[in-house]
Amino acid sequence: MGISILKKEFKISASQWFMISVMIVNAGNYIYNLVLGRWLGPSVFADVALLITLLLVLSFLAMTIQLLCAKFIIELPKDKLLNFKRVIYKYTLFVSAIIGLLCVFSSEFLQTIFQLNNKYVFYLFGFGVPIYFLMSVSRGLNQGNQEFVALSKSYLLEMFGRLLVTFFLIGFDIVEPTIAVALGILISFIFGLYPNQFTFSSLKEKSILSKLETKSIYSFLLITALYEGTQIIINNSDILIVKHFFNHNEAGLYASLALIGRVVYFVIWMLIMVLLPKVIQAKKEGGNPQKILNSYLKFILVLTISLVTGCYLFPEIIIKLLFGEQYISLGFLLYKYALATSLFALANLFVYYFLSLSDYKPVIMAMVFGIAQVTLLINFHESLAQVVHIQIMLMAVLLICILFYNLKKRMKLNYK
């Protein structure tokens, strides 16, 4: 009897397992970057960091499809899910094939603009795009059905596949580092395809989506694509701009700074993956989604404050421990970059919350600030410090605007 009670008390829910798994994935990705940073040095790491940044860009594009699947797998009637899946797979393959071909055919241009020594990394990247998009459809279906164990397996397999392949290729000096990283990324996508939801045998009826449902899907897809584009700009434009305007050594140092400062963003992303289907479900059942948001927000505030404080008090220790002595010169900027990332991550939580409720005004706000960031950084980049200061200013104003919007919405609901 006592043993059965203990089992109940210590049973881990699917969402808790997902959060644990994503923490392992984030830790694995950090180890991946840290080892490469120490192994290769700032100059070579600048090239490798560019590929990792392009992977993040791809993940944001694919997130559009994942969120679309997660939202409508909940909202659509069961007899229309088969038709929905067929449409999603068809258009996903079409769009991803175009993006992949663009990567291949523009490889020489990309090589020049980002100062890389080898154009064939973009060939490998292009071949991987359709695989990654298919994987994202599968993940979206898992997420919408709250099948967090299956979702966890996909993320874990992708991460471990990338680590094993990349370290094997570099460790045995089989190919140059940039090609090794590109191959590791490509092969990891294949690992991440399992488990998948490519079969339709469980759904026997095939009802056609109505015009209203189709319009709703396209509207959400357009808005989400615009926002994910905004996320790409805000999250990655600084690294790409620094890679273009600064020398290899400075770009490598900045890449290590960005990697450390973004810890909080990836933890919040993990929470958003769990939050989004819960908010949609609460709205569908007539519950209060704001209570769900508040419960996540308390944890995130503690996390962000702790991270920024740690980076302020121990910058040199953190950088030396993670990357080594050769990266320590930018220690004075670490807490500032962490602050900029934390401000954006908090704003991002609210934007995804409203996006899941089909309220798109915060998305427009974020888009405006994303465009402003690129414009300012292209025109003002005298130093790496200036690059970080501009981001702090913009993200602080964005968060204030979104908090004001949330307060206004709550007051309106309370008034009713």
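Is Arg-162 buried or exposed at 5% relative accessibility? Arg-162 counts as buried; buried means under 20% relative accessible area, exposed over 50%, and partly exposed in between (1.4 Å probe, protein chains only).

This is a predicted model, in which local features need pLDDT of at least 70 and side-chain atom pairs count only at pLDDT 80 or more, while totals for chains, interfaces and linings use all residues. Residues are numbered from 1 along each chain as its sequence is written, and side-chain values use heavy atoms, with hydrogens and water left out.

**View 1. Confidence across the model.** The mean pLDDT of the protein is 81, and 91% of its residues reach 70 or more.

**View 2. Helix α6 from end to end.** Helix α6 covers residues 148-171, a run of 24 residues. Helices (H or I, at least four residues) and strands (E, at least two) are DSSP runs, numbered from the N terminus. The expected span is 1.5 Å times one less than the number of residues. For α6 that gives 34 Å, and the end C-alpha atoms are 34 Å apart, so the two agree. Just after α6, Asp-173 takes a positive phi of about 50 degrees.

View 3. Glu-158 pairs with Arg-162, with 3.2 Å between the closest N and O atoms. A salt bridge is a side-chain nitrogen of Lys or Arg within 4 Å of a carboxyl oxygen of Asp or Glu. By this rule the count comes to five salt bridges. Both residues lie in α6, four residues apart, about one turn of the helix. Glu-158 is buried, at 6% relative accessibility, and Arg-162 is buried at 5%.

View 4. Lys-71 and Glu-75 form a salt bridge, their closest N and O atoms 3.0 Å apart. Both lie in helix α2, four residues apart, about one turn of the helix. Lys-71 is buried, with a relative accessible area of 2%. Glu-75 is partly exposed, at 32%.

View 5. Asp-359 and Lys-409 meet through their side chains in a salt bridge (3.2 Å, N to O). This pair links distant parts of the chain, 50 residues apart. Asp-359 sits in the loop between α13 (334-356) and α14 (361-379), Lys-409 in helix α15. Asp-359 is buried at 12% relative accessible area, whereas Lys-409 is partly exposed at 33%. Elsewhere, salt bridges that share partners join Arg-139, Glu-158 and Arg-162 into one network.

**View 6. Nonpolar surface patch.** Ile-12, Trp-17, Ile-20, Ile-24, Val-149, Phe-160 and Leu-164 form the patch, with about 620 Å² of accessible area together. Patches are made of residues with over 30% relative accessible area and no salt bridge: like charges are joined within 9 Å, nonpolar side chains (Val, Leu, Ile, Met, Phe, Trp, Tyr) within 5 Å. Areas come from the Shrake-Rupley method with a 1.4 Å probe; for residues, only the protein chains shown count as cover. α2 (14-75) and α6 each supply at least two patch residues. Ile-12 lies in the loop between α1 (2-9) and α2. Ile-12 is partly exposed, at 47%.

**View 7. Ile-400 on α15.** Ile-400 is found in helix α15 (residues 384-415). At 57% relative accessibility, Ile-400 counts as exposed. Its C-alpha atom is separated by 17 Å from that of Asn-294, 106 residues apart along the chain.

Notes. pLDDT is the predictor's confidence in each residue, from 0 to 100.
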